Amino acid sequence: MLNYDFDWAIITSGRYFEWLMAGVYTTVQLSVVSIVLAFLLGLIIAVMRMSHVSPIRWFAYAYLEFTRNTPLLVQIFFWYFGSYQVLPRFINEWLVTWNFEFAAAVIALTIYTSAFIAEDIRSGVRSIPREQMEAARSSGFTFLRAMQYIILPQAVRITIPPLINQFLNLTKNSSLAMTIGVAELTYQARQVESYTFKGYEAFTAATIVYLGMSLVIAALVNIYNRKVLATVKGR
Amino acid sequence: MDLSFDFSVISKNITYFMIGSYPHGRLGGVALTLYLAVASCILSFLGGLFLGMLSVSKFRVIRYSATAVINAVRGIPLLMVIFWMYFLLPALMGRTMPESRTVIAALTIFTSAYMAEIVRAGIEGIPRGQTEAAISTGLHPWQAMFYIVLPQGLRNMVPSFVNQFVSLIKDTSLAFIVGVSELTHVATQINNRTMIYPAEIFFFIAVIYFIICYAFTSLSRWLEKRLAWQKAI
């Protein structure tokens, strides 16, 4: 079996501890920035998917299917290596001035997650009775205004638990950003491993952090389901 | 923006994309991606069935520990599981392992946890009265599970299993990290060699993944519709 001397001190204090904490910080930063952008993009795509104008609807459908059925890693590589071919030059130059790896990871994670969020929002909208849209339209709201004031505020409330789940997935998926050199948690764990050969300790620490985040977020969803959603549905 | 795409890099390397350097060397590319996905799918189906049945066991200790394992695996990124296998398997086995086997082990463990949740939901979707009726006609609880509950439950699970297989195909791209020459790895190799066609190369493999995954996504939707139709009559 394992013939290995564990040395936990190496990751609980000092330089390597700082590396891991920096990794946690980057992971959180990457996830939070991406989830906000992904939510906005997902909202737009969801509304486009329900539009009455068929080209818009088809575009949204194609976008959803293509992003959901391609691996995130490939999308990360596409934006990281290929962005200078597909994005306008001034955007690329702007991205390079702050942090290109981080930006590419944000773009890929945002696009990938937005597709899943759009589907969640769409099923949330579906759970709102059809008559509400008809009533709103007949009292003079346009499609977009009816969405904005009547349907979406209710749908988003129902969609919050799956949205938080997507945030959880996003946090886990952000580990893929290490492949393009974003110094997030998994990257730092790998880094500690290659400097110290203490792979088990480093990966245990990273695993515990990911698990901790997952458990906390899962607990929040539970509370929300019991406290908030029960009152929304109870009315 | 430099929108002058040159897709000749694809046609020049098409066999390498599809089968790697086989038959002169190792199998790679799309073929290896499919091999990894199918092998891990079969193994994780069995693992998921086993874990899923444990998680509905009537013994509290078994049920709780199975649920704990499932939730722990679902709580960490696949990349973590791959690294764990990469470091742990050789130490446990006492010898080096081929990377493709490391990846299959990691994908199996990871996907089993998700499959187990599908199995649990499928079993719980069968009314409890059926098990009780089966037991009262003299079947052993295990027989009730294997002859009454699972055959019906599994049929309901098929669409979810197909969806999970789609995730698995996408997840095989992570094998790139430990140097298994599946499609994504092959693409990065070609990209490193040619240097100036990254958008073409990664768009092309995205399309390949899309064609494979979309076929299975559509299959799953069709199955779901047929299942709903069968239930209606």
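A:Ser127 lies in the loop between H6 and helix H7 (130–138) of chain A, where helices (H or I, at least four residues) and strands (E, at least two) are DSSP runs numbered from the N terminus. With 11 C-beta neighbours inside 10 Å, A:Ser127 counts as exposed. A:Ser127 and A:Gln154 are 27 residues apart in sequence, and their C-alpha atoms are 9.5 Å apart in space.

This is a predicted model, in which local features need pLDDT of at least 70 and side-chain atom pairs count only at pLDDT 80 or more, while totals for chains, interfaces and linings use all residues. Residues are numbered from 1 along each chain as its sequence is written, and chains are lettered from A and ligands numbered from 1 in the order in which they are written.

Chain A as a whole comes next. Its secondary structure comes to 10 helices and 0 strands. The C-alpha trace of chain A spans about 70 × 50 × 30 Å along its principal axes. Of its 235 residues, 41% count as buried. Among the contacts in chain A with a separation of 6 or more, 77% join residues 24 or more positions apart; two residues are in contact if their C-beta atoms, placed from the backbone, lie within 7 Å.

Chain A also meets chain B: 33 residues of chain A are in contact with 33 residues of chain B. On the chain A side, helix H3 (54–68), helix H4 (72–86) and helix H10 (199–234) each supply at least two residues. That side divides into 19 nonpolar, 11 polar and 3 charged residues. Here Ala, Val, Leu, Ile, Met, Phe, Trp, Tyr, Cys and Pro count as nonpolar, Asp, Glu, Lys and Arg as charged, and the others, Gly among them, as polar.

The largest nonpolar core has 122 residues, and those with the most contacts inside it are A:Ile76, A:Ala105, A:Ala108, B:Val81, B:Ile82 and B:Phe202. Such a core is a set of buried Ala, Val, Leu, Ile, Met, Phe, Trp, Tyr and Cys residues joined through C-beta atoms within 7 Å. Helix H6 (residues 100–126) of chain A gives the largest share of this core, 16 residues. Not counting residues up to four places away in sequence, B:Phe202 touches A:Val74, A:Phe77, A:Phe78, A:Phe81, A:Gly82 and B:Ala187.

Within chain B, helix H5 (residues 78–93) and helix H6 (residues 99–124) have axes that come within 9 Å and cross at roughly 130°. Axes are lines fitted to C-alpha atoms, for helices over the stretch in contact, and angles run from 0 to 180 degrees between N-to-C directions. H5(B) and H6(B) are therefore oblique to each other; angles under 35 degrees count as roughly parallel, over 145 as roughly antiparallel, 65 to 115 as roughly perpendicular and the rest as oblique. Residues that meet in this pair include B:Val81 and B:Ile82 in H5(B) and B:Ala105 and B:Ile109 in H6(B). The contact of H5(B) with H6(B) has 11 nonpolar, 1 polar and no charged residues.

Some backbone details remain. Most residues other than glycine have a negative phi, and most peptide bonds are trans. The peptide bond from B:Tyr22 to B:Pro23 is cis, with omega near 0°. A:Phe197, in the loop between helix H9 (185–196) and H10 of chain A, has a positive phi near 60°.

Methods: A residue is buried if 20 or more other C-beta atoms lie within 10 Å of its own, exposed if 12 or fewer, and partly exposed in between; C-beta atoms are placed from the backbone.
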